[in-house]
Amino acid sequence: MHRSRCIAKGGFKINGPSTKDKGPMDNEKEQDTSTEASLPQPTQAGRIELCQETIEEARRCLENNDKDCIIKMLEELIRADCHNGYAVGREIADKVKDVVHDLWLVSDNEHRCELLRMLKSLDVSRNWVRDALGMNTKSLNKWLVRCNIDRESRMERNNVVEEIEDLLR
């Protein structure tokens, strides 16, 4: 493992190990873990290919009107981070949004609520959901209430943090 040794102008160390020699490591277990190979991470090209294949499969499910299959495929897409434009590019992320939107349009209320619950359980951002469904915040909020989905807002979280801080004082 290579670590850089950067020293700021003031002489304070920013990164890296101590410049003093500490000698060999005492714990053999720590030595062994440093030489182990980590699992290979998928390259962006590999991830994009996986996303495209899953999107195509979701489209086939949509053509067959198999909503449960589509929900399963969307779950895979989101877990694989295919909805994240930073990870796979905007074009792929937009295709995932299109699949979500198409499912929304052909679904009844029960499947719409199931879709919203799944997206919430996977921690997809509210703005992403709103954009994918092509609706404004007010309409999305109405659907969340209709489906009994509690989406905590940032204001509510901030208030909870303030209350905890007050208790700790």
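Here are some notes on the fold, the core, one histidine and the salt bridges of this model.

1. **What you are looking at.** This is a predicted model, where local features need pLDDT of at least 70, side-chain atom pairs count only at pLDDT 80 or more, and totals for chains, interfaces and linings use all residues. Residues are numbered from 1 along each chain as its sequence is written, and side-chain values use heavy atoms, with hydrogens and water left out.

2. **Overall fold.** The protein has 9 helices and 2 strands; helices (H or I, at least four residues) and strands (E, at least two) are DSSP runs, numbered from the N terminus. Going along the sequence, the pattern reads β-β-α-α-α-α-α-α-α-α-α. Taking contact to mean heavy atoms within 4.5 Å, 58% of the contacts between residues at least 6 apart in sequence join residues at least 24 apart.

3. **Surface and burial.** Of the 169 residues, 28% are buried (buried is under 20% relative accessible area, exposed is over 50%, and partly exposed is in between, with a 1.4 Å probe and protein chains only).

4. **The core.** The largest nonpolar core holds 39 residues, and Leu74, Leu115, Leu116, Leu119 and Leu133 touch the most other members. The elements giving two or more residues to this core are helix H2 (44-63), H3, H4, helix H5 (90-106), helix H6 (109-121), helix H7 (126-133) and helix H8 (137-146). H3 gives the most, with 7 residues. A nonpolar core here is a set of buried Ala, Val, Leu, Ile, Met, Phe, Trp, Tyr and Cys residues joined through side-chain atoms within 4.5 Å. In soluble globular proteins, nonpolar side chains tend to be buried together.

5. **Leu74 up close.** What does Leu74 touch, leaving out residues up to four places away in sequence? Its partners are Val96, Val99, Val100, Leu103, Leu115 and Met118.

6. **A histidine in a loop.** His83 sits in the loop between helix H3 (67-79) and helix H4 (85-88). Is His83 buried or exposed? At 16% relative accessible area, His83 is buried. Not counting residues up to four places away in sequence, His83 touches Leu77, Ile78, Ala93, Val96, Val124 and Trp128. Val96 turns up here and in the Leu74 list too.

7. A search of the whole structure finds 6 salt bridges, each being a side-chain nitrogen of Lys or Arg within 4 Å of a carboxyl oxygen of Asp or Glu. The side chains of Glu75 and Arg79 form one of them, at 2.8 Å from N to O. Both residues lie in helix H3, 4 residues apart, about one turn of the helix. Glu75 is partly exposed at 26%, and Arg79 is exposed at 59%. Asp94 also pairs with Arg90, with the closest N and O atoms 3.7 Å apart. Asp94 and Arg90 are 4 residues apart in helix H5, so about one helical turn separates them. Asp94 is partly exposed at 31%, whereas Arg90 is exposed at 67%.

8. **A linked set.** Lys97, Arg130 and Asp131 are joined in a network of salt bridges. Within it, Arg130 bridges to Asp131, with the closest N and O atoms 3.3 Å apart. Asp131 counts as partly exposed, at 42% relative accessibility.
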